[in-house]
Structures are given as C-alpha cells and as structure tokens.
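Please read it alongside the sequence and the coordinates.

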2 protein chains.
Amino acid sequence: GEHGPRGHVPTFGSLQAASCSHLAGVSGHEVPGAGPHLSPPAPRCVPPPGPLSLCSLLCPAPAPRTPLPPTQTPGEEENGSTGFHEAVSAHLGWFEGSQIVIISNTLWVGERVPCLTYGMRGMISASIEVHGPARDLHSGNEGGVFSEPLADLTKVLASLVDARANILVPGFYDAVRPGMLDAAMRRLPASHEFSLEGYRAQIGVRRLTAGRSEWDLLAARWCLPSLSVVDVRVGSGDDPARSAHYRFGPTRFSVIPRAAVGQVAIRFVPAQRPESLVEHLRAHVAHEFAKLRTGNEIAVKVHSIGDWWEADEASPYTKLAERVVQEEWSTTPLLVREGGTMPVARKLEKMLGAPVLMLPMGQSSDNCHLANERIQRVNLLRGKNVVKRLLMEAPRAKAAQ
Amino acid sequence: GEHGPRGHVPTFGSLQAASCSHLAGVSGHEVPGAGPHLSPPAPRCVPPPGPLSLCSLLCPAPAPRTPLPPTQTPGEEENGSTGFHEAVSAHLGWFEGSQIVIISNTLWVGERVPCLTYGMRGMISASIEVHGPARDLHSGNEGGVFSEPLADLTKVLASLVDARANILVPGFYDAVRPGMLDAAMRRLPASHEFSLEGYRAQIGVRRLTAGRSEWDLLAARWCLPSLSVVDVRVGSGDDPARSAHYRFGPTRFSVIPRAAVGQVAIRFVPAQRPESLVEHLRAHVAHEFAKLRTGNEIAVKVHSIGDWWEADEASPYTKLAERVVQEEWSTTPLLVREGGTMPVARKLEKMLGAPVLMLPMGQSSDNCHLANERIQRVNLLRGKNVVKRLLMEAPRAKAAQ
C-alpha cells in the first residue's frame with residue numbers, strides 16, 4: 001500500500017503539503033488518549049505565504065502509543081514562531097526516542113539537480129534608533145539649527161557596510177571557520193547547476209560585488225557574515241501612533257521627525273558567536289555616533305537571534321538521505337549550504353537529542369519567503385516520496401550504526 | 001456698528017476663524033449675480049489640522065458689485081493647494097483693483113510681543129530614489145553579494161549635511177543676500193522675546209548647532225538655507241503596492257528592498273534661485289553616487305518649489321500694518337522673518353499686482369502645522385480687530401501714497 005506494511009512504519013502525523021512555514025508551530029489538534037495537549041497559538045497568518053514545503057515531521061522510534069499531531073501551523077514562522085520552543089519543551093514526552101528531525105525549508109542551488117543542505121547561517125535582527133527633539137518639528141521653522149535624528153541615523157547606517165557589501169564593523173569577520181565550502185565544491189562545479197552570470201541575471205542586479213568566481217560568490221552567500229539594512233522608518237520604534245502625525249499629503253516634507261529607526265539583518269556563520277557580534281556592533285555604532293558629537297541619543301536593540309546550523313556529514317542519516325534522494329531523482333544530490341537561517345534546527349537538536357536532516361524541495365527560482373512564491377509539482381511529489389522513504393528506512397539506518 | 005459705516009468699508013467675504021490652512025483654496029460658494037463661479041476642490045482635509053489662522057482676504061477697492069466668496073478651504077494647504085493658482089487665474093476679474101493681499105499663516109517669534117513677518121524662506125521638496133535588483137530579495141539567501149539600494153541611499157543622504165546641520169552640497173550657500181537680519185535686530189534684542197536657551201528648551205533638543213548667539217540662531221533659521229532629510233521609505237516611490245509585500249511580522253528583517261526613497265526638504269532664501277539649487281543638488285548626488293561605483297541607479301525628483309517672499313518695508317501698507325498692530329496691542333510690533341514658506345505669497349503678488357501683508361497671529365509655541373496645534377483666544381480676537389482695521393484703512397493708506 002501507499003504507506004508500506006504498517007508494522008514497519010513509525011506512526012507519524014498527517015503528511016500535508018502546505019504553503020507557508022516549515023516546522024514552526026505545533027498545532028492544537030487534540031490527540032485521543034494523549035494526556036496534555038498543545039493549545040494552538042492564535043492564527044496570525046498574513047500574506048504573502050512563506051516557503052512552500054512539505055510539512056516537517058518528527059520521526060519517533062519506537063512508535064508512540066498515540067499518533068503525533070501534525071507539527072505545522074501555516075504562517076507562524078513569518079510571525080517569529082512565538083511559543084514554539086515552549087510548546088515543544090512542555091511536551092517532550094511526545095517526542096521521546098526521536099531519531100531524526102526532518103525540516104524542509106531550504107532550496108536547491110539551481111533548477112535541475114536535487115540538493116541536500118548541510119549548513120545554514122545564523123541571523124541577528126537588530127534595530128538602531130536615534131532620538132532627538134521632544135517632538136516632531138517643522139522643517140521651515142526649525143530646519144538648520146539642530147542635529148536631526150534621521151540625518152544622524154543615515155551616517156551611522158552608512159558606516160556599517162561599504163559599497164562592495166563588505167561589513168565595516170571591526171571584528172565582524174572574526175571566528176569564521178575556513179574550509180566550509182569544501183564539501184559543496186566536491187560535486188557542485190561538475191553539475192553546472194550554478195554560474196555567476198545565471199545567478200546575477202536571476203536576482204536582477206547589474207553587478208555582483210562578491211569576487212570573480214562561483215567559489216567566491218558561494219563563499220559570500222553561505223560562509224561569510226553579511227549585514228543588510230532592510231528598513232528605515234521615521235518616528236520612535238515604541239511609538240504606536242508614530243505614523244499618524246505626519247503621514248499626510250505633500251507637506252509630509254515639512255516635518256522633521258523627532259526619532260528614526262533603522263532595521264538591520266545580520267547573517268553569521270560557524271563558528272561565530274552571536275553575542276560577540278552584537279558586542280562588536282554596539283561598540284561600532286557607539287563609536288561612529290560619538291564622532292558626530294550631536295545632542296541626540298542612540299540605542300541598538302536586538303530583536304532576535306537564531307543560531308547557525310551544520311549537519312554531521314558522517315551521520316548515518318545524512319548518508320541515508322543522500323541515498324534516498326539519489327534513488328528518487330536518479331542523480332547524485334549536490335551538497336549545499338544556505339545563507340538563510342533556521343533557528344529551530346539547533347534548538348530541536350538540543351531539546352530532542354536528535355540530528356536535523358535539512359531536505360530542500362524547491363528550485364532556487366521559487367522566490368521563497370517572498371511575493372509570488374511557487375513550487376514545481378514534480379518537486380512536491382518526489383519530495384513527498386523522499387520523506388516517506390526516510391521515515392521508513394530511518395530505523396534501519398539507526399540499527400546499522 | 002461692527003463693520004463701521006457701510007460706505008467706507010470694502011465689501012469682503014465672511015471673516016471666519018478656521019483651523020487649518022491659510023489662503024490656500026477658493027471655496028465654491030456660489031456668488032449671487034456673479035458670472036462664472038469656482039468649483040470647490042474635492043474636500044480632502046486630513047488630520048492633523050494646519051495652523052490656526054483667521055481667513056485670508058483679498059481687499060478690493062473699489063468695492064466689487066458682488067460680495068467676494070470666502071477664500072478659505074480648510075485642509076487644502078496640507079494637500080498642496082492643488083488648483084489654487086488655476087482657480088484664481090481663471091477668475092482674475094473678481095480681484096480687479098485689489099490693493100493688498102492679507103495672509104495670516106506665520107507666527108510670532110516669542111510669546112508676548114506681536115510681530116509682523118517681513119520675509120520667508122522658499123522650499124524645494126525633492127526625493128532621492130535608488131533602484132537595484134529586479135525584485136525584493138531575501139537577506140539570508142542573497143545578503144552580502146550585491147550593493148543594496150538602501151545601503152547606497154544612506155551613504156548619499158549622509159553626504160548632504162554634516163552633524164552641525166551645515167549643508168555639504170557645493171554651491172548651496174551661493175547668492176545668499178547679506179544683511180537680511182538688520183530690520184529684525186533693530187527692535188528684537190530689547191524685547192527679550194527670544195533667547196537661545198528658551199528656544200532650545202522649547203523645541204526640546206539638548207544642543208543647538210547654530211552658533212553662539214541669538215543673532216546666529218535667527219540667521220540660520222531665517223536667512224540661510226537648510227536641508228532636512230524628513231523621511232526614508234523602502235520600495236519604489238511609484239510602486240503603490242510597495243508596502244504589501246514585506247510589511248508583516250518580525251521577518252520583515254529578512255527582506256532586502258529592491259528600491260529605497262529618501263525625502264528631502266530644502267529651504268532657501270533671498271536671492272537664491274531654486275533652479276540653480278536643484279542643479280547643485282543633482283550634481284552633488286550624482287557625484288556621491290558615482291563614488292560608490294555600484295550597479296544601482298539613482299534619481300533626484302523635484303516634487304514642488306515654493307519661492308521665498310519679502311515685504312517692501314517702505315510700502316504704505318507695511319507702515320499701516322505696523323501702526324494698526326501697535327494700536328491694537330499697545331506695543332510696537334517686532335519685525336520678524338520666518339523659516340517656513342508661503343508659496344502663494346509671491347504668486348498672488350504677481351497675479352494680482354498687489355503686495356502681500358503677512359500678519360502672524362499665534363505664539364511661537366503654538367505647534368503650528370503639527371499635532372496639538374492651538375491658538376490663544378486673545379490672539380484670535382485682537383487679530384480679527386487688526387484685520388478689520390486694515391481693511392477699513394487701506395484705501396486711505398493708498399490715497400496718502
């Protein structure tokens with residue numbers, strides 16, 4: 001049958017193809033016979049959906065007495081997966097004896113050849129706020145006689161990266177582990193799955209700043225830290241009414257905002273420690289701001305930190321996944337890293353004592369996490385087959401260890 | 001009676017105290033007996049209201065055959081006074097023989113002593129847009145390998161003013177006319193109406209950047225150009241859907257916007273030519289952007305230009321206004337300039353061939369054009385009396401010329 005002999009398959013929650021979100025929340029479906037059950041987080045799904053993916057599953061062995069609930073709540077990752085860690089912690093009994101954690105939220109490096117992800121960058125979300133006058137001021141009446149918070153902020157933000165996308169914060173390249181691309185480069189060049197020019201055209205930029213070869217580019221995307229200024233807003237970050245006072249008509253040009261906030265996304269890599277990077281950032285921002293000698297105030301706020309993740313290449317599950325993907329697609333999968341972040345990966349490994357298998361399903365052009373996301377039908381179907389076989393064969397891989 | 005002997009008073013539209021807007025639109029009240037009448041602009045009043053003011057009036061002599069309509073449409077100035085110029089041009093006959101244009105939209109320099117405004121700065125509203133990738137990109141997947149538009153923009157914006165609020169655009173202080181403060185300084189210091197420390201405390205900043213004396217500060221606010229960065233937004237300025245794609249949840253940190261826009265308010269002074277300043281700005285922005293050598297594109301867009309304005313101190317109407325204010329308030333008015341802009345002032349002078357009288361009513365702490373705007377009751381009542389007497393005595397001032 002579709003699921004093979006019942007006795008050989010660990011019982012698991014319903015396998016569902018869903019848009020939006022990886023293993024990012026635990027649903028509140030009541031499990032008959034189970035003791036405590038998880039309350040669902042309030043649904044907060046917002047457009048656009050996150051990456052298309054098969055659901056992520058915990059594969060327990062031996063089979064639990066009751067079926068596991070589906071571990072999927074669409075939209076939760078886009079909202080920070082609030083409560084996920086606590087929900088799993090409070091119900092660790094459900095996951096006793098877990099062998100592997102399968103997460104499908106990454107992407108192929110190209111369009112044709114299936115991939116396995118063996119490393120991801122971490123992420124620090126931070127904001128830099130400058131506060132000045134007690135209230136918004138009129139650019140006619142008061143323009144020209146004090147240091148304006150938004151002008152100060154542009155100077156500090158401009159000091160973070162150079163025009164080549166190199167991070168200018170001292171200490172920010174410390175502790176980057178060398179040799180991170182080696183595993184990928186054993187197979188990737190021969191696959192012709194990735195080219196500088198193809199990548200440049202796909203993201204639609206005139207020039208890439210990262211080196212002169214595919215190796216340079218992938219090293220920058222996968223193995224070096226990056227710092228992006230993703231947003232600037234006027235008004236204070238804590239002021240819920242900040243947009244009401246001056247977002248009207250052409251004369252919004254007239255108002256000097258009393259505060260301004262810049263948002264920064266930092267990606268970091270093995271073996272960097274995020275706490276140390278935050279210290280470097282704070283020191284740099286304080287230094288650059290002090291140089292301005294203005295009467296304003298500046299603050300760096302850290303909103304979230306998600307750690308980097310790496311697979312153990314020698315693990316029997318990694319080898320199992322390579323074999324299963326190879327058989328399903330009739331070609332050797334590429335080993336890739338990814339520049340994005342999966343904060344739950346290392347958390348789940350620690351909480352459950354089981355390794356993560358990161359199984360990408362979609363093509364690099366899928367526009368994941370962005371508007372007009374998609375996935376190819378064949379990727380979805382073969383991806384489902386790979387997950388099914390992993391679940392069936394995991395107990396044997398364990399036994400063969 | 002309230003209006004004096006009917007025969008001596010030019011007929012004029014209803015005098016109304018209204019929040020929001022100076023002489024900024026012509027209402028559509030139908031005038032009995034008049035031929036063509038003005039269609040009202042669609043009401044677009046938006047919070048917060050602009051400055052409180054008495055309405056502005058055109059004072060014709062001889063009296064027209066029909067009463068003039070009230071020349072007030074609340075909220076229109078905040079929306080750019082669209083169509084005002086065209087509406088007046090199309091009905092110049094109504095204003096034939098106008099002697100003066102009274103505008104009440106400026107402020108006293110302090111709290112106690114009434115003022116007459118004899119000069120205002122002009123304004124250029126401009127935006128600086130940087131466009132990069134064909135679409136928004138993910139800061140994890142793509143961060144670190146191309147020049148990001150918002151990062152480029154922060155560098156260009158940071159190059160416009162220094163931390164002391166001095167404009168760094170070459171040529172921007174050309175053609176500033178010297179001696180512009182002389183008229184104000186003949187009376188202002190003795191009035192004790194204005195102090196560095198009082199002003200600093202009122203606007204709520206820790207330090208002022210403009211010099212060490214009241215003279216320096218007023219020169220900067222009234223007689224020198226200023227450049228304020230008033231807003232930065234991600235996404236393209238022409239993209240109506242720009243906020244829909246990534247303004248959701250905490251992962252807005254994940255998205256590198258494909259474009260970013262900075263808004264700039266420039267105030268300029270006699271005898272600067274705005275066209276020349278725009279050229280200087282374009283040249284500077286192009287130069288600073290070229291230094292970055294990125295693959296992105298930059299554009300400077302000018303949204304509106306309002307000219308500076310100055311009173312003719314020797315005009316009989318200026319002398320009349322000084323005398324009338326002195327009699328109403330029992331004190332000599334101060335002669336002040338203002339840093340703000342009244343684009344209709346010079347336009348009306350040219351169109352009607354009549355000089356503008358700029359009659360401030362409110363105190364400097366009234367928070368004009370901003371949230372929580374106010375006006376003191378006594379200012380409103382005495383202001384009304386001043387307007388009434390000006391209208392009664394203007395014909396005699398003309399005759400005595």
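B:G97 lies in the loop that links helix 1 (84-90) and strand 4 (98-103) of chain B, where helices (H or I, at least four residues) and strands (E, at least two) are DSSP runs numbered from the N terminus. With a relative accessible area of 41%, B:G97 is partly exposed; buried means under 20% relative accessible area, exposed over 50%, and partly exposed in between (1.4 Å probe, protein chains only). B:G97 and B:L352 are separated by 255 residues in sequence, yet their C-alpha atoms are 8.1 Å apart in space.

This is a predicted model, in which local features need pLDDT of at least 70 and side-chain atom pairs count only at pLDDT 80 or more, while totals for chains, interfaces and linings use all residues. Residues are numbered from 1 along each chain as its sequence is written, chains are lettered from A and ligands numbered from 1 in the order in which they are written, and side-chain values use heavy atoms, with hydrogens and water left out.

**Chain A**

The secondary structure of chain A comes to 11 helices and 14 strands, and 58% of its 401 residues count as buried. Among contacts in chain A (heavy atoms within 4.5 Å) between residues at least 6 apart in sequence, 85% join residues at least 24 apart.

Helix 7 (residues 214-223) of chain A is largely enclosed by the rest of the structure, because 7 of its 10 residues are buried. The buried residues of helix 7 of chain A are A:L217, A:L218, A:A219, A:A220, A:R221, A:W222 and A:C223. Their cover includes helix 4 (182-185), helix 5 (188-191), helix 6 (196-203) and strand 13 (334-338) of chain A, together with helix 2 (139-142) of chain B.

**Strands of chain B**

In chain B, strand 13 (residues 334-338) is mostly covered, with 5 of its 5 residues buried. In a regular strand the side chains alternate between the two faces of the sheet. From strand 13 of chain B, B:L334, B:V336 and B:E338 point one way and B:L335 and B:R337 the other way, and all are buried. Strand 5 (residues 115-120) of chain B runs parallel to strand 13 of chain B and is joined to it by 5 bridges, with B:M120 opposite B:E338; two strands count as paired if DSSP finds at least two bridges between them.

Chain B also holds an open sheet of 4 strands in the order 8-10-6-11, with antiparallel pairing. Strand 8 (226-234) and strand 11 (297-306) of chain B are its edge strands, each pairing on one side only, and the twist averages 20 degrees from one strand to the next. Within chain B, strand 6 (residues 122-131) and strand 10 (residues 259-268) pair in the antiparallel sense over 10 bridges, and B:G122 stands opposite B:F268 in strand 10 of chain B.

Helix 3 of chain B lies across strand 6, strand 8, strand 10 and strand 11 of chain B, running at about 15 degrees to strand 10 of chain B. Two packed helices are described by the angle between their axes and the distance between the axes. Here axes are lines fitted to C-alpha atoms, for helices over the stretch in contact, and angles run from 0 to 180 degrees between N-to-C directions. A crossing is left-handed if the near helix is turned anticlockwise from the far one by less than a right angle, and right-handed if clockwise.

| Helix pair | Axes come within | Crossing angle |
|---|---|---|
| Helix 3 (residues 149-158) of chain A and helix 3 (residues 149-158) of chain B | 8 Å | roughly 125 degrees |
| Helix 3 of chain B and helix 8 (residues 274-292) of chain B | 10 Å | roughly 135 degrees |

Helix 3 of chain B is therefore oblique to helix 8 of chain B; angles under 35 degrees count as roughly parallel, over 145 as roughly antiparallel, 65 to 115 as roughly perpendicular and the rest as oblique. The crossing of helix 3 of chain B and helix 8 of chain B is right-handed. Their contact is made by B:D152, B:K155 and B:V156 of helix 3 of chain B and by B:V285, B:F289 and B:L292 of helix 8 of chain B.

B:H284 is also found in helix 8 of chain B, and this residue is buried, with a relative accessible area of 7%. Leaving aside its neighbours within four places in sequence, B:H284 is in contact with B:S159, B:L160, B:L168, B:V169 and B:P170.

Between the chains, helix 3 of chain A and helix 3 of chain B are likewise oblique to each other, and their crossing is left-handed. A:T154, A:K155, A:L157 and A:A158 in helix 3 of chain A meet B:T154, B:K155, B:L157 and B:A158 in helix 3 of chain B.
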